[in-house]
Amino acid sequence: MPADNTTFLGKLLFSDQLIAVELAGLLLLVATIGAIVIVRQLPTKVSS
Amino acid sequence: MLDLKIYLILGAILFCIGLIGFVSRRNMITMFLSAELMLQGVAINFLAFSRFRGNLQGQSFVLFILSVAACEAAIALALIVILYRAKNSLDVSKWQDLREEDLEPNEDQEILLVDSYHIQPMPTLPVAGHRPAKEEDASHV
């Protein structure tokens, strides 16, 4: 049954692989911050 | 019930499309999308095997693959943005100075559109047998 499949998948994700799910969330956060840092244009220094 | 073979063929087709697109295009965004296509072909293989074996590990692994692919997309698009700012072009061949030291640059070659068969001279037969004696030579004899 597809619904049972989704149910068991959710139970598996949040019981056995809870640490991996948390790490994936942390990875997404770090990637977002990293992308923003890479793309951000630094103010150009005025060479005197 | 669909056969397992169909899913595997779909995954292989996606992987081949991604591979061909990756090696034949120079646009950075197109190459990146082709790499993503290869990744999803592999993910479809994971899903098919996990579904037909009744094993949930593969499906959960594909969820992690997708989250990592999302991170990769964010970083790759950021890199594409700064590369575009540096050269004002998305062409990867503008970055050939990043190659190794002992490699020659890969330069474009002009494709000859005119058929080269009509440019070449017609073939001539080689001279066979003795050359006939000229009149001066014949007077000496």
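Two residues are in contact if their C-beta atoms, placed from the backbone, lie within 7 Å. The model is predicted: local features need pLDDT of at least 70, side-chain atom pairs count only at pLDDT 80 or more, and totals for chains, interfaces and linings use all residues. Residues are numbered from 1 along each chain as its sequence is written, while chains are lettered from A and ligands numbered from 1 in the order in which they are written.

**View 1. The contact between chain A and chain B.** Chain A supplies 15 residues and chain B supplies 14 residues. On the side of chain A that touches chain B, α1 (2–13) and α2 (18–39) are the elements giving two or more residues. The largest share comes from α2(A), with ten residues. By class, this side of chain A has twelve nonpolar (Ala, Val, Leu, Ile, Met, Phe, Trp, Tyr, Cys and Pro), three polar (the others, Gly among them) and no charged residues (Asp, Glu, Lys and Arg).

**View 2. Chain A.** Chain A has two helices (DSSP runs of H or I, at least four residues) and zero strands (E, at least two).

**View 3. Helix α2 of chain B.** Buried residues in α2(B) are M28(B), M31(B), S34(B), G41(B), A43(B), I44(B) and A48(B). Their cover includes α1 (4–24) and α3 (57–87) of chain B. Just after α2(B), G54(B) takes a positive phi of about 65°.

Key. A residue is buried if 20 or more other C-beta atoms lie within 10 Å of its own, exposed if 12 or fewer, and partly exposed in between; C-beta atoms are placed from the backbone.
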